Amino acid sequence: MTTPILLDCDPGHDDAIALLLALASPELELLGVTTVAGNQTLDKTTANAIRVLDFIGRNDVAVAAGADRPLLRDVYVAAHVHGESGLDGPDLPPPQRAPSSEHAVEFLARTIRERAGAVTLVPTGPLTNVALLLALHPDARPERIVLMGGAVAEGNVTPAAEFNIWCDPEAAARVFASGIDITMIGLDVTHKALFMPEHEARLEGKVGELVRSLLSFYGNFHKQQYGWDGSPIHDAVAVAHVSHPDLVETKNRGVKIDTESELSRGRTLVDLWGRAQWEPNCHVGVDIDADAFLDLLVERLNTFA
Ligand code: BDR
Ligand code: CA
């Protein structure tokens with residue numbers, strides 16, 4: 001039995017690899033891709049989703065563009081990580097098609113209704129589209145959300161916060177308070193699974209070449225900022241967790257988002273030890289079988305060869 005998923009993303013190097021992994025996973029049925037402003041502006045993240053699909057000849061996969069800015073905050077892009085295009089490194093041609101005429105939020109709502117809610121939504125960018133979906137279409141609730149974002153105890157934009165949640169904390173607060181079955185794959189997990197040069201060396205074919213050139217650019221940031229020889233493929237962990245639930249260990253805990261303070265904007269506060277007695281609302285990723293995840297990623301990317 002396959003799991004139907006919707007990927008709501010902001011490609012972005014790791015989003016692009018997550019998209020490739022989703023398409024290479026026989027356990028998953030990708031119902032479509034929606035895009036949001038995040039790593040770059042919406043026009044660029046949307047173009048990048050289509051450019052990756054063009055590269056593997058998958059113009060049958062629907063791409064719908066969504067929110068071009070957070071609910072309340074100013075747009076902030078991560079050009080220092082993902083470059084001016086949002087996908088710097090490889091020399092990909094411009095997109096060969098326009099996105100769907102339907103807005104991402106309408107596309108998500110229609111697809112979820114068509115599947116009577118039996119869809120796992122996988123957001124790998126700021127949660128703006130997802131919050132808008134919940135507000136505008138309360139009847140179109142996915143049965144599960146597995147998102148990349150947040151952390152128990154790390155930050156990558158500020159000492160307190162992870163990029164996707166920090167970008168649109170008000171959207172994240174709404175999503176975490178929605179009562180939907182949520183799994184959070186945060187930095188404490190993704191930073192434990194670095195894709196190293198030895199993994200790159202095992203990649204085959206033209207998709208292997210593409211991923212190597214993506215990682216040559218993306219890896220510069222991780223080398224300079226963290227001193228790492230490899231890169232976390234954050235968003236691919238969320239996709240892999242849907243197809244292979246045992247890769248990530250989770251704990252069901254209460255999680256709240258800080259929308260109030262400036263210093264801790266977008267922090268995912270996790271009641272890990274139950275001291276605050278917050279009602280559990282999220283399966284929080286706390287550990288990963290890194291070797292198994294990285295082997296799976298290499299193996300699945302090589303199925304394109
Ligand atoms: C997240 O932020 C983005 O830069 C990545 O694509 C990932 O979704 C990691 O903090
Ligand atoms: Ca992302």
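Predicted model: local features only at pLDDT ≥ 70, side-chain atom pairs only at ≥ 80, totals over all residues.
Two packed helices are described by the angle between their axes and the distance between the axes. Helix H1 spans residues 13-23, and helix H11 spans residues 234-243. Their axes lie 6 Å apart and meet at an angle of about 25°. The cut-off for roughly parallel is under 35 degrees, so H1 runs roughly parallel to H11. The crossing of H1 past H11 is right-handed. On the H1 side, the contact is made by Asp14, Asp15, Ala18, Leu21 and Ala22. H11 contributes His234, Asp235, Ala236, Val239 and Ala240. Six of the residues in this contact are nonpolar, one is polar and three are charged.

H1 also packs against helix H10, residues 205-226. Here the axes come within 10 Å and cross at roughly 160°. Angles over 145 degrees count as roughly antiparallel, and H1 is therefore roughly antiparallel to H10. This crossing is left-handed. His13, Asp14, Ala16, Ile17 and Leu20 form the H1 side of the contact. The H10 side consists of Val207, Leu210, Val211, Leu214, Leu215, Phe217 and Tyr218. By class, the contact of H1 with H10 holds 10 nonpolar residues, one polar and one charged. Asp14 of H1 takes part in the contact with H11 and in the contact with H10.

Rolling a probe the size of a water molecule over the atoms shows where empty space is left. The largest pocket holds about 320 Å³ of space. Its lining comprises 25 residues. Val81, His82, Asn156, Phe163 and His234 lie nearest the centre of the pocket. His234 belongs to the H11 side of the contact with H1 as well. H1, helix H3 (79-82), helix H6 (163-167), H10 and H11 each supply at least two lining residues. H10 gives the largest share, five residues. The pocket lining divides into 10 nonpolar, 10 polar and five charged residues.

One cavity of 30 Å³ or more was counted. The largest cavity has a volume of about 50 Å³. Its lining is formed by Ala37, Gly38, Pro70, Asp74, Val75, Tyr76, Val77, Pro126 and Cys167. Seven of these lining residues are nonpolar, one is polar and one is charged.

How values were computed
Residues numbered from 1 in each chain as written. Chains lettered and ligands numbered in written order. Heavy atoms only, no water. Axes fitted to C-alpha atoms, helices over the stretch in contact; angles between N-to-C directions. Helix = DSSP H or I, 4+ residues; strand = E, 2+ residues; numbered from the N terminus. Parallel < 35°, antiparallel > 145°, perpendicular 65-115°, else oblique. Left-handed = near helix turned anticlockwise from the far one by under 90°. Contact = heavy atoms within 4.5 Å. Nonpolar A, V, L, I, M, F, W, Y, C, P; charged D, E, K, R; others polar. 1 Å grid on protein atoms, 1.4 Å probe; cavity = no way out; pocket = protein on both sides within 12 Å on 5 of 7 lines; lining within 4 Å. Points joined across faces, edges and corners; volume = space filled by probe spheres on them.
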